[in-house]
Each structure stands twice: as structure tokens, then as C-alpha cells.
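Please keep the structure open while I talk.

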Amino acid sequence: MSYRIIVWVLALILLVPIAVFLIYAFAQGWFFPALWPERWDSGLFLRQLADPQLRRAFGQSLIIATGVSILALVLGYPAARVLELQTFRGRGLIYGLFFLPTVVPSVATGIGLNIVFLRLGLAGTLFGVMLVHLIPVLPYVVLTLGSSFARYDRNYEQQAAVLGASPWFVFWRVSVPMLLPSLVVAGVLAFLISWSQYVLSLLIGGGKIITLPMLLFAAASGGNQSLIASLSLIFIAPLLILLGLVARYLGSPATGATPRP
Amino acid sequence: MQTRKRIWNLAVMLGLVSLIIASCGSNAATPTSTPSSTSLDINNWAGIEQAANGQTVNWYIWGGSDSINRFVDQFYGKALKERYNITLNRVPMADTVDVVNQLLSEKAAGKTTGAVDLIWINGENFASLKQANLLRADWGQSLPNSKYVNWANPAVNLDFGEPVESLESPWSSAQFQFIYDSAKLQASELPRSYAALKEYACANPGKVTYIAPGPGAFQGTRFVKQALFEVSGGAEQWLGKFNQQLWDQWSPKLWEYFNQLEGCLWREGSTYPKTENELHSLFANGEVDFSITQAIAGAGSLIKDNLVPVSARAFVFDDNMIGDFNYVAIPSTAPNPAAALVLANLILDPELQAAQILPENGFGLGYGIDPTKVSDPALAAKLSNAAQQLGDAATPASDLAKSLRSDIAAEYQSLIEQGWEANVLRK
């Protein structure tokens, strides 16, 4: 019973902001002490949806976040595997280095990196922005995968190898299926973190790459609540869809939904 | 076996790292490309238009207003494409200082061709870029349409006291105004001086506030500066070079005024709105009676954006309302300087100037040009017609003209900001 109440309270906490965005996006001229907005109008919201700049920014955000998720898994998988399954000197130090970006403000790294990226010709490119997103993304991917590797039984891999499976076959048919839930969670986390990056995208993108958060921050600086709410709705929609798609991997065994590959 | 593999891995890693370091070094030493700007001759305008044909102009511009964004796309974007075959890429920024940082980074990286073609700019951001020597020089007064600009006006040739020196070209003008709600107050009840504002505030406690002065909140600084003009008996003495003695003489009086005012303010002056939009929101929700705007259209554009009630109107005091200009500038590293020049010139086109002041077009700031310098009768008529169509929500032109004062030396800016924080906010 009390468990249910907690679920409802959590659901409410998650849904109320979305409801507020919906109201602000469509209510026009709503000032205290009026109980009800002067009028409801979807014009501003629809205009944002049709705006070519917004569509381009949406597409670029999508490409960047997807690319970052893939890159982060490709880089994070071997890192987490070695860090958790092998013992070697300096392991703690390397773990520490991986987590450094979570405590160093991204403005500090961003400004320095912008100069390096400008010299390398990576600034203002999609690939450059993807690379710089890896800085805040990788710690979470390594942590998520690392916690799975900590409980990982390598005997299954050895078993398959003994039975004649090639390393590639072992990777695809044994390791990946066993780790699939945490690979999905790590990939989604990478997508979410990349999707909401502002400072690093702004610095490395240099205005050549415009992402959705940049439009959102620009709108927020103007204080027009209908505009901010409209963009916020467009910003969170793909995240909600993504979470819905992978929900079955996110459930913990306590809810009875044992993740199955 | 195992150790040999490890040594091999280490070697590969070291190789990669040194490769990256090497490429950093070599790229820094050799400029990546030669600037195309050197070949442009500002006096050969046909040549510039020809060079701009087919270019994309990257205009970095504050992007917080949906209606300004649309005005830029519809009026400049279309005209650029149709008249000159130039594509407008409007890059929305949350704060213009981000562009300044971008240009400084490009300079540090040794880039000669950057990403920015044109910036909407004034005040401290202009001063920073001018000081860092990052702006294209010698073009502002050579644009064909700059004949419409009154370069003799100190409000035009000085940007927050900093000489413009042909490094910028004006876009529009602004003047400090207040906004009230005509559904709640009669025009005859409005305060028309700082002394009257204090009386009003203390007769209606908590119904008045202003924007906290500080970097990025020039409206608040301007509000205090105008009070300085009034308590010292007039604005004229403050013109010209910075005068420390004059400041020392009158600043105690200024802080005395604001400390007397503070107790009657919204939340008794324990906190102040930080931006114009915060103040608009307090005003729109009836918490305070007055807001502040700089737009020639007064409350018109704000009504159109649903930021304030439709009954909002603009007004000014009888004197000491500071007006100034804002500009566009071209970085010296602009990748498409010809297109940037064409756009800066297009902005001064009398027809587009007439369009920019009308509240329904969504921009709402005043003329960058001087309408009396437009000799073509049809264009001159357009400009005067537009000025007469500002509607009820704008301050009458005669009130604006009567109270207009120009801004003063930049040194006062930081003295006011620091002094206000020390003597008013922290007291």
C-alpha cells in the first residue's frame, strides 16, 4: 500500500513539470489575479515546430546524441571491462581520471579545449561536438558498465571458448546478451547527458553547430514563458519516447520485471 | 607473451598521444588560411556586392525574443536572398558575451578565419572587442547608406562613451521609458521626476522597484544614472570627459536618494529584479506599478508578445531619460566580410528602418538613421508615416524628444554599479 503511494508521488513529481509546460505553452496573456488565461493559442507552439532553424537544431542534436551514445559504448565497454576484471597498479588512479570531469566545471575544460579544437580543425564540426560531449558522458557510462562487470562471471566466456567459439562470437553471443540491460542503460544515459549539453556545445560548436539546448537557452534569456515552455516540450518529447522504448530494461528485479535480453 | 603485448599497447598509445601533441603544435604555427577581407575595397561597392553573391552571412544575435527573431528572418533574410543572393544564417545567442569569448578563443588559437560575420553589439562587449583589436576597421562610415546616419551626433559616434571610429554601424536607437497599466492608473497620476517617483513609492509601499544595476543590466545602471542627473541639478555638467571631482561631489546625494527610496520599494529593497523580463513579469502580475523599456514602440512589442497586459502604456519623466544607439560590428576574422558589409548596409535602408519601428513587425526599437537626412520624398514619407503609426502604447514623440539625454563617459558606469552595490544593496 505504502509502496503504491510512493509510486504515485514519484509519478506526480515527474508529471507536474510537463503539465506546467503544457499550460504555459498554450496559455496567452495569463496574469495574476486572473484565474484563467485570457485565451488559449497553439500558434506559437506550431510556429516553433515549423521553424527551419529549430528543425535543423533538432536533427543535429539527434545526430550528436546518437553518435555520442555509440562512441561512449565503444570506448566505455573496454575501459569498464579492464578496470573491473583486471587488477593492475594504477587502477584507482585511472578510475579517478575517468571521474574527474564530473567535478571539474565544463566551462573550465570547454574554453581550453575550444582553443585546442580550433587548432585541430575540430571546432565547429559535428564530430568535434560529439568528442567534447564524451567528457561528461564517459564517467557515467564507465560507472554503469563497471558495476555490471563487477558482478560479471567470466566463466561463461571461457565455457564458450572451450567449446570452440571465436572471440568475436563470444563477444556477440555471450558477453553482449549478458550485459545487454546495462549496455542499454549506459547508452540511454549517454544520450540524455549529450542531449542536454549546453556550455560545451556552445563553446566547441562556435555557432556553426546549433543544438536544441542553445535555442532553449537563448529563449530563456528573453523570459517569454510561452516560448520557453514550447521549446521545453519539444526538448523533452524525444526523451520521454526514448525512456518509454527502453523502460523494460530500466525496471529493477524488485518490481518483478526481470530484464530479459 | 602477456608483457610483450602490454609494451606494444603502451607504444601505440604513446604514439597516438604524441601525434595529437604534434598536430597541435604544427597547426598553431601555420595560419590555416589567408583572410579574404584584405582584398575588399569598401569604396568599390559594386565589387563588394559581387563578392557577396552566393555567400552566407553568419549573424550572431541575441536570440531571446521570438518576435525579433522573426523580424530578422522575414525582413533581412528575405531581402538579402532576393536582392543579393545572400543566405542569412541567424545564430541565436543567450548572451552576446559568448561571441566575445568565441572570438578571443579563435585569436588564442591563431585562427585568421573564424565563424562570425556580423554581431549585434554595443557597450561593454564593443569595448572588449575594440580593445582586443578583433574588429574590422574603416567601414562603418563608408557604407553607401551611412549617408543617412548622423555621424556628428555624439550619441551615434560614441558607444557608452567609447568612440565608434567606423568599427560599427548603427542598427537602431533606444530611449529609457517607463511602462504603466492604463487600466489601473491615469496619466495625470504618473510621477514625472525621480522626486515624484519617491513620493509615489512611499504613498504606495511595495508597488515600485527597478532593475538592479550591474554588468549585463544596463537598464538598472541607467535608471540610477538618470537619478544622478536629477539630484545634481542637470545632465549637461556630466557630458564630456570623466570628472572624478564631480562624482565625489554628487554621489553621496545619489546614495541618500536611493536609501530613502529603498524602504518604500517592493520587498523593501531586500531584493531587486535582475533583468527587464523579471520586471515585466512583476508588472504584468500586478506586483509593481511600473516596468521599464527602451523600445520606441513603448509597450507595443511587449503587448504583442503577451509579456504585459494590453492596457500597458509607456511614459517618460519630464527630463533625464537617456537614449542611445545599438550597432552591428564585423570581426576581423569574418569568413564572409563582403556579405556582412552588404547586410550592415541593408539594415540602414530607409524602407527597412521604417519597418523596424512598427510594433506589429516585432522589433520595435527606434531609427538608427536620421530621417531628416533622407531626401527622397517617397522614402521620407514612409519614415514619417511609420513614426505616426506607433499607436497608443508608445510614448508621444514630443515627450521623448523633450526628455532625451545622451549617455555619459564609460567610467561612471562601473562607479555607479559598484557604488550602488556598496551603498544601497549592502546597507
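Let me begin with strand S1 (residues 56–62) of chain B, which pairs with S3(B) in the parallel sense over two bridges; helices (H or I, at least four residues) and strands (E, at least two) are DSSP runs numbered from the N terminus, and two strands pair if DSSP finds at least two bridges between them. This is a predicted model, in which local features need pLDDT of at least 70 and side-chain atom pairs count only at pLDDT 80 or more, while totals for chains, interfaces and linings use all residues. Residues are numbered from 1 along each chain as its sequence is written, chains are lettered from A and ligands numbered from 1 in the order in which they are written, and side-chain values use heavy atoms, leaving out hydrogens and water.

Within S3(B), Ile119(B) is the bridge partner of Tyr60(B). S3(B) also pairs with strand S10 (residues 321–329) of chain B, in the antiparallel sense and over three bridges, and there Tyr327(B) is the bridge partner of Ile121(B).

Are the faces of S3 (residues 118–121) of chain B covered or uncovered? Both are covered, with Leu118(B) and Trp120(B) buried on one side and Ile119(B) and Ile121(B) buried on the other, where buried means under 20% relative accessible area (1.4 Å probe, protein chains only). In a regular strand, side chains alternate between the two faces of the sheet.

Turning to another sheet, three strands of chain B form an open, antiparallel one in the order S8-S7-S9. Strands S8 (291–293) and S9 (312–315) of chain B each have a single partner strand, so one side of each lacks a neighbour in the sheet.

How values were computed
Buried < 20%, exposed > 50% of the residue type's maximum accessible area, 1.4 Å probe, protein only.
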